[in-house]
Structures are given as C-alpha cells and as structure tokens.
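Here's a quick briefing to read with the structure open beside you. Take it one topic at a time and find each residue as you go.

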Amino acid sequence: MSEEQLIFKRSKALTDAYFHYCPGCTHGIAHRLIAEVIEEMDIQDKTIGVCPVGCSVLAYNYFDVDIHEASHGRAPAVATGIRRTLPQDRYVFTYQGDGDLASIGMAEIVHAANRGEKITVVFINNAIYGMTGGQMAPTTLPGMRTTTSPYGRDTALCGHPIRMCELLNTLVEPVFVARGAVTTPKYINRAKKLLRQAFELQHTGFTFVELLSTCPTGWGLTPENSVAWLERNMVPFFPLSVFREPAAMPAAATKYAPDLKVKDDAKA
Amino acid sequence: MATAQRLLMKGTEAIAEAAIRAGCRHFFGYPITPQNEIPEYMSKRLPQVGGVYLQAESEVSASNMLYGAGGSGVRVMTSSSSPGIALMAEGFSYLCGSEIPAVVVNIMRGGPGLGDIQPSQGDYAMCTKGFGHGDKHAIVLAPSTVQEAVDLMALAFDLADQYRNPCVVMGDGLIGQMMEPVTFPEAPVKVYDKPWAATGKPPTRKHNIINSLYLDPEELERHVYHLFEKYERMRADEQRHETFMLDDAPPVVICAYGTMARIAKTAIRELRKTGVKIGLFRPITAWPFPVEALSGVVQSTKVFLAVEMSMGQMIEDVRMVVGRDRPVKFFGRPGGVIPTVEEIIHQVKLLSN
C-alpha cells in the first residue's frame, strides 16, 4: 500500500468550499475546468473573475482568485471596467448563464464583444433559468416545457431560441468563439481545450466559450437522463463547433477603410 | 500651468478637468443632454494623460463599468442627467452594497419621463433618498458656482475613497452650461490605501471578493448595520452649508441650493436695500443634510421659504429640521422653468402680508 499515488485532486485555483449546486448539475465540471486552466497556465495571481446573478453568483466562494459579484447580465460591463483599469498582464473572465447573458445582458455581451474587450466569457447554456426555478430562457428549445412555458415554448408567441455563438460570430472583433459541452468525457476534454485556447488568446481580443450544460432540477430529469436529453435535443440545435479562431478572422476586419474625406471635399 | 491661473470655463468642462486633476483617469459614460461636454472633454483629455475614456452601450452598463473599475481600486467617475441617472441606479446600489468608491455627476434636467433638457432640481429626492434600491446612502454635494463645482469634485473623490462609498455631485443644468472664471486647486492628490481591491491575488493573501450578496438575513442585517455606522459618521462629520446675511438673525430665511441659491442671493440683496431683513441658508451637502447648522437658525427665524427648481423636494428636509415650530413656505417652478429674482421678491412680500 506504500505505492499509493495521488492521481486526482482539487485544483489549486478552487477553494475547499463545498459546491451548493444540485446533484447532476454540470456547473461543478465547468468550474473545475476553468480552475485547471488557471492553474496550468500559472495565472492564479493575475486572474480576476466576474460572476453575475444566476446559480453561479456564489462562485466567488469557489474560485480562489480575486473576484467580483455582478448584477444580472452586467458581467461583461463589470469585466470591461476591470480590464480597462488593471495592468495588461491580468486575465479577466466572466461566468454567465443563458438567461443572464442572452436575455437581460444581451446589450452588454454584444458590445463587449464588439469592442474587442480582452476578456474570456464562459457561457453556460442549459436552456433554462435555473436559479429562479426553471423559467423559460432565451435558449429554451421550441416546445420545451418550463415553469413559464407550461404548454411548451410557443415560437409563435416568443420566437426561437437564440444561438449566441452564431450571433457573436457576425462581429468583426472577437478572436475566439466556440461551443462545447460538459456531459461526456470526450466533451469535457474538448471543453477544457476550448477554455485553454480562449484564455491563451485573451490578450489578443474577445474570447467566448459556450458550454452546453444540464439542469436536472429545472428540467425535471435524472442526471443520467439529462445527459441523454442534452445530446438528443440541444446538440442538434446548438452545434458544437469552433466558429471563430485567429486563423479564421473575417477579412472585413482589415480590409474595410471608409473614405472619410467626402465631407471635407464637399466643404471645399 | 502657472499657479492660480484664472480660466474662463464652462461648468461641464471645468467639472471634467477638476476630476482629472483629482486623479481620475477612468471615465465610463453615455451621451445625454445637458452634460455631453463632460464625456466629450474626457474623451479628448484622458488619452493625453494616460487615462481611459470609454463610451458605454447604455447608462446601465456605464454604472456597472464603474463598479468593475472602482473595485479594481482606481478613481473612476461617470456623468449623466436625470433619466440617465435613473438607469444607472442599479450599479449605484451595488457600489453602495459592495462599498466601492466612485464619483457620479448628475447635471439635472426637467422631468418626469423624457421631460425636457432645461435646468431642474427634480432629482433631489432621487439622489438623497433613492440612488437605487435598498438601505443605503450616497454623499450628495450641490455646487452653486462653477468654482465650487471644481472644488467639490476633488472633495467628492476624497470622500468616496475615505468612506468607500459613491459620492454624487449634483448640479442643475445651469451649473453645467454657464461659463465662469475658475481656479483649479493646487493641492496634491490624496492617495488612499485599497487593500480590498480585486487586482489579482498574490499567494500572500486570501482572495478579495467584491460583493453585496448576503443570503443569510442576519448576515445581511449585520452588513447593513455596518453601512449605517458609516453613514452616521458621514452625518457627524460631513455636513456642509453656507449662510448668507444671517448675522443679524433675520426673521425670514430662504433655503435654497445650487443655482437657485444664487438667484435667491440676488433677491435677498434687493430686498435688503428696501429694508427687509432676510437671509439665506444653503445646503452644500444635500446628503447628509446640514441638520445641525439649520437647527441653530430656527430659534431666531419667524418663517422659512424653500425655493427650488421643482415642486419641492429639499423642503421635506427643511421641514424635518424646523418641525412645527415655524412655518416653512415654498416657492418653486418645475419643468425646467427657472424662478426669477422678481418672483422670489414677490413671494417674500406675500409672506409679510
């Protein structure tokens, strides 16, 4: 037994507090992946997190880095205030849910992305408002039942779910936009690579990683069935892909040069 | 710049320059009339001094950028006007709850709703009693000249840092739009230690958390008690006011602040020429209201007249101090209409009838 070998331990970038998340919820996995990236990049002393209202608002208890709570949807604005203030060698990330980011915080995320804020946004998409009790989110799937869409999401009444990666990929500034998932070992390994890429590219521009996640409590499914449900229903609508990376920056970013002389000429 | 140079400046631009001289290098704002010269000035000057001007996508975002920057430990400010200030209220409440210093300039315009863009004092209640949800206060400074606005900007940053609390400089549209000669103070910028700031956690300390969430009601209660101990210190130490022609204990005292106080002064001078004994009490801190100083005037005064560019908001604080011992009359005009010297004189004459 002296051969005992430690092969798995808590990341140094996490505190020893117990997560408050429900059984089967994938927030814990996402937290761990981010913490591992911070630890492996050795940037714990340079990282500032921003966690807004949602199930993860208490994440300041879990990440062992300097951290801001934020109001609902405003994390990219708070992160902007931090990024524009602290030395450039710092790493700033936000950790936001889909109600937060794609509904009340839509202006903040689009404009932070459009300004090319040098931050990493981790977007947890579980197609539901978890913290407030399972209400319909902007990402709720057509026909999906929630506490505020008891007959299923009626697209005639409230439209289709928003695909954030695809939306942000229309902008010029983002340098990395990708969607992953955290429901299978394969997905988890890939998600960590995406997060690592995003953090590594952060100082060159805006980086965005969406992670499809489960909410067994909100969905009314067992953790096991939640994983299967996500695979069956979410992945087809929210394809797992890297939408933007430095090698695939839009040409418009460099080639568009407006002719601003017209006004002067007219005056002359 | 030479020592004590007099410059002719517009109020908004003087406020912006005073902020920079007070060590502010970060500004987040959103355009709204009548204060656009502040962000315009900042967008020109801040890059020249190594600072950051950023136009936010909304007032809500601007106040949250303020929260992020303030939490990082720098001197930061925003400016707006009434409807914009209302939108910023979300961030202000978080600033108070998380004890983050920041300076907010409100150049008030007429309301409610979209109202108009003329000078008003209709935000007194919002700034002194409201300023977002929950139990909290901000210090509110009300300048009555451009020079005083300059002086109060430096004070605002110091008070914000000293108390870890947002501080408002509340001017009406006139303070923002008129030009007056100003001298910028030469005092060096005070630097406050901010060990609580979230700047990146060295291995030598625990992680700093910028937070206003306390899910346990008793814990939140303790936090709010802590905030209110601070507000009591502000009440004890930060009341500021000016008196004008009160030395001979006149029976009539006008209470007015900001530009309204200047117009009242002119009316008082005119009335004094005709033998009317009258003076002025001017709050400089709208919060904490100068309760002690006003209390000292009550005994010798027969009647108070509150004059405001609103339907009467400060008057409630005056009444709170004066109580039922003396009548507190009111004259004001809302909607961006500015009460004139003649109107004030007329109101004073009505009092003596």
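**Where the chains meet**

B:Arg205 makes a salt bridge with A:Asp66, and their closest N and O atoms sit 2.7 Å apart. Keep in mind that this is a predicted model.

**The interface in numbers**

- Chain A puts 33 residues into the contact, and chain B puts in 34 residues.
- The size of an interface is often quoted as the accessible area that is lost when the parts come together.
- For chain A and chain B, the buried area comes to about 2600 Å².
- Carbon and sulfur atoms give 56% of that area.

**A buried arginine**

- Look for A:Arg74 in the loop that runs between strand 2 (66-70) and helix 2 (75-83) of chain A.
- With a relative accessible area of 9%, A:Arg74 counts as buried, because the cut-off for buried is under 20%.
- Setting aside neighbours within four places in sequence, A:Arg74 is in contact with A:Ile104 and A:Glu108 from chain A, plus B:Val60, B:Asn64 and B:Glu90 from chain B.

**The nonpolar cores**

- In soluble globular proteins, nonpolar side chains tend to be buried together.
- Here, the largest nonpolar core has 120 residues.
- Which members touch the most others in that core? They are A:Ile109, A:Phe208, B:Met77, B:Met153 and B:Met170.
- Not counting residues up to four places away in sequence, A:Ile109 touches several residues, including A:Pro76, A:Leu101, A:Met164 and A:Phe208.
- There's also a second, separate core of 37 residues, with A:Leu14, A:Val122, A:Ala191 and A:Leu201 among them.

- Follow 8 strands across an open sheet in the order 7(A)-5(A)-6(A)-4(A)-3(A)-1(A)-2(A)-9(B), with mixed pairing.
- At the edges you'll find strand 7 (241-244) of chain A and strand 9 (209-210) of chain B, each pairing on one side only.
- Now zoom in on strand 4 (residues 120-125) and strand 6 (residues 207-212), both of chain A: they pair in the parallel sense over 6 bridges.
- Which residue stands opposite A:Thr120 in strand 6 of chain A? That's A:Thr207.

Conventions:
Residues are numbered from 1 along each chain as its sequence is written. Chains are lettered from A and ligands numbered from 1 in the order in which they are written. This is a predicted model: local features need pLDDT of at least 70, side-chain atom pairs count only at pLDDT 80 or more; totals for chains, interfaces and linings use all residues. Side-chain values use heavy atoms; hydrogens and water are left out. A nonpolar core is a set of buried Ala, Val, Leu, Ile, Met, Phe, Trp, Tyr and Cys residues joined through side-chain atoms within 4.5 Å. Buried means under 20% relative accessible area, exposed over 50%, partly exposed in between (1.4 Å probe, protein chains only). Contact means heavy atoms within 4.5 Å. Two strands pair if DSSP finds at least two bridges between them. Helices (H or I, at least four residues) and strands (E, at least two) are DSSP runs, numbered from the N terminus. Buried area is the accessible area (1.4 Å probe) that two parts lose on being put together, summed over both. A salt bridge is a side-chain nitrogen of Lys or Arg within 4 Å of a carboxyl oxygen of Asp or Glu.
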